[in-house]
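This briefing is for a reader who is meeting the structure for the first time. The points below are grouped by topic.

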Amino acid sequence: MTTLSVASARRRPFISWRLRKLLIGYAYLVPAALCLLATVVVPIILAIKMSLYADVLYKPQDYRFIGLGNYVRLIYDPVFWLSLWNSCVWVFGSVILQFLFGFAAALLLQQAFHGRALVRTLTLLPWIIPGVVVGLIWQWLYQPNYGVINDLLIRAGLMSERVAWLSSPDLAMGAVVFANVWRGIPFFAIMLLAGLQAVPDELYEAAEVDGAGVLARFRHITLPLLRPIIVVATATRIIWTFNYADLIFVMTGGGPANATQITSTYTLQQAYSTLDFGYAGALSVVLLLVMLSFTTVYLRITKGVEAEQ
Amino acid sequence: MKRRASTDIAERLLAGPVVWIGLVLLTAFALAPFLWMLLTSLKDRRELYATPLQYLPVHPTLANYIDAWTSPVTPFHRFFLNSLWVCSVTMVATTAVSVLAGYAIARFRFAGRDALLLIFLATQMFPSVLLIAPLLTQWRALGLIDTYQALIYSNFSFTVPFTVWMMVGYFSSIPRDIEESAMIDGCNHFTALCRIVLPLAAPGIAATAIFAFVVAWSELLFAISFTTQTDMRTLSAGLLYMVGQYEVQWGPLSAGVILSTVPVAVLFAFLQRHLIHGLTAGAVKG
């Protein structure tokens, strides 16, 4: 460009400048686009293709196209339907409790007290540590013979004998949900805390002058103003919890007798343990469809929330 | 916070004892499991499996840490270095890629810009279990099983979407006039980006980078699926592998748990302020 004469550069500067800008913009996007293409887009297409084949890794001789065979198998698979139901229990149990405790935590951390920054950081810890670490910590806490939970409950007189939390079908789901609640409280706490800090103090002061009590102020000021962030945080969390397989995989592996088998751990089991890629592919496609519909609803809701603001 | 004296009983209760009891309970609930793991890691075998349960280690020992770190069967130092390498490379590459993409999306108006942003948001919603079977096939075909590359590339699938999203937020908050005046002064786009915009966005970029590191540090499913050799395992995968070996050795395992928690805990203490900004700017996995 610099070698061009001044006259010709001046003649059509506008078009070439815009075109160049556009090209530069696209060039900056290429690396990110390639990353996603190679690690997300192509694998998803591959998963869809896999779902149409009988594809078990250690039976290459049986590899063939079977159309919707894997999906038909899915419909007649009781574990799949059980896993969908378990996913609902897991998602809504976890998210509702995380939200309630997280909201309470946010209100507490909003107060002014000495050492607030330290307490905020400490209470955030459960959320930032690796999922496998959370799983192992709780596995140890729940351990029937040497676990501290049994010991404390017996000492407090709440139980008479030791309980195998993670290997009894009735208790296992509750136990993993509780561990997940522990992990997820900080997420809601920091999201809602950010929301609380954005509420202007004058509103509270004005309401107080008008004689509104603390509960009335909470109901008529805090809740309505936090609504957008509550919606976004809850929706994100629902989607994320539905996808999340690590914790259950580490703690129970979906057992005992599929009592904690959620759809994502079931998919993982087919891909990782059973090596039935065809079936795992079909499960993935179903997961993807569920996720896409969730995400569409989520985007609708957030759009609505933004419009309100 | 300024509060007028009030006769509201609910208010006085809430401001005083309820807050304090609540804060103590909250902190205890968050920390007690860690504390128990720490105590466990300091006990010897006899104290660990004592009946009735022994709460405090009478003879605290670091033997479990030394065991875990040097064990030939489950070489924790090796897991640690693997994680460090995989996460560092993931962090640097992710940041470079997302700085460029974030800048492009924040500054250039082009066709498909909104669609692209939506795609980045939607990819964050995809479950990673979905990618395991196809990625495994892909890496096998490319001969990348048991390599760091397979783990690093796979990490892009969940780091890049949210770091791009975060970078768009940071760049949008920097006034456009600054670089436009730089460009009038003779900078081209790239030098304007490097000299003017990057220094201004530096805190945000640092936060994004550290966050990418931390998320990669937690990654488990790709690590167990794409590696078969003990020597190639990352911390998360290694911890799970320690469980798989004969009976669970809670002593060394608890030491391993503490060792893998410390780095992310320290990094996160620095991040907190930026994190809240990033979280509220867009959805984040984690």
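A residue counts as buried if 20 or more other C-beta atoms lie within 10 Å of its own, as exposed if 12 or fewer do, and as partly exposed in between. With 15 C-beta neighbours inside 10 Å, B:Asp146 therefore counts as partly exposed. The model is predicted.

**Chain B as a whole**

- Chain B has twelve helices and zero strands.
- Its pattern, read along the sequence, is α-α-α-α-α-α-α-α-α-α-α-α.
- Of the 286 residues in chain B, 44% are buried.
- Taking contacts in chain B between residues at least 6 apart in sequence, 75% join residues at least 24 apart.

**Helix packing within chain B**

- Helix H5 (residues 113–123) and helix H7 (residues 148–172) of chain B have axes that come within 8 Å and cross at roughly 130°.
- H5(B) and H7(B) are therefore oblique to each other.
- The crossing in which H5(B) passes H7(B) is left-handed.
- H5(B) contributes B:Phe120, B:Leu121 and B:Thr123 to the contact, while H7(B) contributes B:Pro161, B:Val164 and B:Trp165.

**Contact between chain A and chain B**

- Chain B gives 74 residues to the contact and chain A gives 71 residues.
- Helix H1 (residues 9–41) of chain B supplies the largest share of the side of chain B that touches chain A, with 15 residues.
- The side of chain B that touches chain A has 52 nonpolar, 18 polar and four charged residues.
- Helix H12 (residues 263–272) of chain A packs with helix H6 (residues 129–141) of chain B at an angle of about 15°, and their axes are 8 Å apart.
- That angle makes H12(A) roughly parallel to H6(B).
- H12(A) passes H6(B) in a crossing that is left-handed.
- On H12(A) the contact is made by A:Ser264, A:Thr267, A:Leu268, A:Ala271 and A:Tyr272, and on H6(B) by B:Val129, B:Ile132 and B:Ala133.
- The contact of H12(A) with H6(B) has six nonpolar, two polar and no charged residues.

**Residues with positive phi**

- Most residues other than glycine have a negative phi.
- A:Asn258 is not a glycine, yet has a positive phi of about 60°.
- A:Asn258 is placed in the loop between helix H11 (246–251) and H12 of chain A.
- A:Asn258 has 18 other C-beta atoms within 10 Å and is partly exposed.
- B:Asp146, a residue other than glycine, has a positive phi near 65°.
- The loop between H6 and H7 of chain B holds B:Asp146.

**A:Phe101 in chain A**

- A:Phe101 is part of helix H4 (residues 78–110) of chain A.
- There are 19 other C-beta atoms within 10 Å of A:Phe101, so A:Phe101 is partly exposed.
- Not counting residues up to four places away in sequence, A:Phe101 touches A:Val181 and A:Ile185.
- A:Phe101 and A:Asp210 are 109 residues apart in sequence and, C-alpha to C-alpha, 30 Å apart in space.

Methods
Residues numbered from 1 in each chain as written. Chains lettered and ligands numbered in written order. Predicted model: local features only at pLDDT ≥ 70, side-chain atom pairs only at ≥ 80, totals over all residues. Contact = placed C-beta atoms within 7 Å. Helix = DSSP H or I, 4+ residues; strand = E, 2+ residues; numbered from the N terminus. Nonpolar A, V, L, I, M, F, W, Y, C, P; charged D, E, K, R; others polar. Axes fitted to C-alpha atoms, helices over the stretch in contact; angles between N-to-C directions. Parallel < 35°, antiparallel > 145°, perpendicular 65-115°, else oblique. Left-handed = near helix turned anticlockwise from the far one by under 90°.
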